[in-house]
Amino acid sequence: MIRNSLCNRSAVLNLYKKLFRTAERTFQGDERGILLAHDKIRSEFKNNKGMDLASTEEQLSIGRDAELYLRESVIQAHVKDDGKRYVLNVRDEHLRSSMEMPVLRPGECYQPFKEH
């Protein structure tokens with residue numbers, strides 16, 4: 001029992017750190033985005049503190065899925081100076097992902113809506 005508890009504690013701490021690093025990388029240059037992500041991670045871990053072994057394993061699985069989603073599916077975009085177009089920060093992880101997205105070259109703009 002003690003060994004399982006120590007292994008779970010280690011797995012929880014590793015996931016916590018990994019989520020923080022992934023959030024920092026995903027929202028690089030966006031201090032507000034990083035702070036909001038860190039606050040959400042902290043609150044989720046705090047809310048799930050002290051649960052039983054089975055529930056901890058389930059929450060670890062959910063956390064790993066969240067980290068994968070954040071790493072491979074969230075794409076940072078910046079509004080261009082004209083206020084009408086965006087520059088996407090597409091990373092290597094996005095290219096390995098199975099999600100569909102428009103094909104863009106680095107620095108190329110994606111305009112999701114047509115102007116009328």
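Mentor: Helices (H or I, at least four residues) and strands (E, at least two) are DSSP runs, numbered from the N terminus. This is a predicted model, in which local features need pLDDT of at least 70 and side-chain atom pairs count only at pLDDT 80 or more, while totals for chains, interfaces and linings use all residues. Residues are numbered from 1 along each chain as its sequence is written, and side-chain values use heavy atoms, with hydrogens and water left out.

Trainee: In what order do the elements of the chain run from the N terminus on?

Mentor: The secondary structure consists of four helices and three strands. Read from the N terminus, the order of these elements is α-α-α-β-β-α-β.

Trainee: What percentage of the 116 residues in the chain is buried?

Mentor: A residue is buried under 20% relative accessible area, exposed over 50% and partly exposed in between, with a 1.4 Å probe and protein chains only. Among the 116 residues of the chain, the buried share is 22%.

Trainee: Among contacts between residues at least 6 apart in sequence, what percentage joins residues at least 24 apart?

Mentor: A contact requires heavy atoms within 4.5 Å. Of the contacts in the chain between residues at least 6 apart in sequence, the share joining residues at least 24 apart is 49%.

Trainee: Which residue in the turn between E1 and E2 has a positive phi?

Mentor: Two strands pair if DSSP finds at least two bridges between them; E1 (residues 76-79) and E2 (residues 86-89) do so in the antiparallel sense over four bridges. Within this pairing, Gln-76 has Asn-89 of E2 as its bridge partner. The two strands form a hairpin with six residues between them, and the turn residue with a positive phi, about 75 degrees, is Gly-83.

Trainee: Which residues form the one aromatic cluster?

Mentor: Rings of Phe, Tyr and Trp (its six-membered ring) pair if their centres lie within 6.5 Å, with planes under 30 degrees apart counted as stacked, over 60 as edge-to-face and the rest as tilted. The structure holds two aromatic pairs: the rings of Tyr-16 and Phe-20 have centres 4.8 Å apart and planes at 40 degrees, so this pair is tilted. The one cluster is formed by Tyr-16, Phe-20 and Phe-45.

Trainee: Is Thr-56 buried or exposed, and what is its relative accessible area?

Mentor: Thr-56 lies in helix H3, residues 53-73. Not counting residues up to four places away in sequence, Thr-56 touches Asn-8, Val-12 and Met-51. Thr-56 is buried, and its relative accessible area is 12%.
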